[in-house]
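Open the model in a viewer and keep the selection panel at hand. The stops below go from a helix pair to the aromatic rings.

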Amino acid sequence: MSTLTLGQATPYPDQYDPSLLFPIPRAENRLKLNIQANQALPFVGVDIWNAFELSWLNKKGKPQIALAEFQIPADSVNMIESKSFKLYLNSFNSARFEDETEVRERLITDLSAVAGSKIATRINPTESIAKKGMQEMSGVLMDRLDIEVDPNLPADPSLLGVNESFGPIEQCLVSHLLKSNCPVTGQPDWASVQIRYQGRPILEEGLLRYLIGFRQLGEFHEHCVETIFCDIKRQCKPEKLSVYARYTRRGGLDINPFRTDHNAPWPDNIRHARQ
């Protein structure tokens, strides 16, 4: 952690520099979930990054601006440290490129090399997001529950359970109360989380208390989602499960991990990558 640029005073680059990207091996965090390096993952998925501050120069020196989406496979060897990602994208600001295609190809090459797996990306004109708009996650909102909870207690998987009196159902549960903290800087990370499953009904009060327990946890977004997935799978034993968290943007980037154990519909902004 001491070598990370995250949380340190760092000069912003004035020229294109792919060496700014810093990999974080996934294996270390997955050992906490009893997932060994040579073991098949209990899920598939993707980490969806949205970049809101992408700019470069055309051959005439005129600045170009756009939004970008990146999809890093969950089975890639590495995650990418967030501040290094931001610095890398900012290194494009003074670089000249022939066209948008060259920018996209450079992004794919650099990011794939650091992630250790082929990533996908799409560059969008800024007006496309305005037309699309932002939609709330669909599902049953658990935040409506009037529960008493100690927000200082850590996430406790034993809170998770199902109603044994009912047979399997299909349900989608949502909460906007997921919060964790950056493991390096301690800054808060806020998210909405969507849990789709097929199985005996998950007890909503226990699940909401469990999610609130992440408020004091210092962990990366990706590992929070994988922890939630593994805990629900182990405690509630759903036949099918998908967990998707959409985190609030920080520093011009947001990170949105998605994990599933079946051929579930993926979030809209990455669906094109599966076609």
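Which residues in H5 meet which residues in H6? Select Leu 207, Tyr 210 and Leu 211 in H5, then Thr 227, Ile 228, Asp 231 and Ile 232 in H6; these are the residues that meet, where contact means heavy atoms within 4.5 Å. By class, the residues of this contact are five nonpolar, one polar and one charged. Here Ala, Val, Leu, Ile, Met, Phe, Trp, Tyr, Cys and Pro count as nonpolar, Asp, Glu, Lys and Arg as charged, and the others, Gly among them, as polar.

Before going on, note that this is a predicted model, in which local features need pLDDT of at least 70 and side-chain atom pairs count only at pLDDT 80 or more, while totals for chains, interfaces and linings use all residues. Residues are numbered from 1 along each chain as its sequence is written, and side-chain values use heavy atoms, with hydrogens and water left out.

**The helix pair**

Show H5 (residues 204–212) and H6 (residues 221–236) whole. Helices (H or I, at least four residues) and strands (E, at least two) are DSSP runs, numbered from the N terminus. The two axes come within 12 Å and cross at roughly 150°; axes are lines fitted to C-alpha atoms, for helices over the stretch in contact, with angles from 0 to 180 degrees between N-to-C directions. H5 and H6 are therefore roughly antiparallel (angles over 145 degrees).

**Around H5**

Next select Glu 204, Gly 206, Leu 207, Leu 208, Tyr 210, Leu 211 and Ile 212, the buried residues of H5 (buried means under 20% relative accessible area, 1.4 Å probe, protein chains only). With seven of its nine residues buried, H5 is largely enclosed by the rest of the structure. Their cover includes strands S6 (140–141), S7 (169–181) and S8 (188–199), as well as H6.

**Aromatic rings**

The whole structure holds 10 aromatic pairs. Rings of Phe, Tyr and Trp (its six-membered ring) pair if their centres lie within 6.5 Å; planes under 30 degrees apart count as stacked, over 60 as edge-to-face and the rest as tilted. Select Trp 49 and Phe 85, a tilted pair with 4.6 Å centre to centre and 35° between the planes. Trp 49 lies in strand S2 (residues 44–57) and Phe 85 in helix H2 (residues 82–90), 36 residues apart. Phe 85 is buried at 0% relative accessible area.

Move to Tyr 210 and Phe 214: their ring centres are 5.3 Å apart and their planes at 85°, so the pair is edge-to-face. Finish on Tyr 16, Tyr 88, Phe 92 and Phe 97, which form one aromatic cluster.

Note on methods
Angles under 35 degrees count as roughly parallel, over 145 as roughly antiparallel, 65 to 115 as roughly perpendicular and the rest as oblique. Buried means under 20% relative accessible area, exposed over 50%, partly exposed in between (1.4 Å probe, protein chains only).
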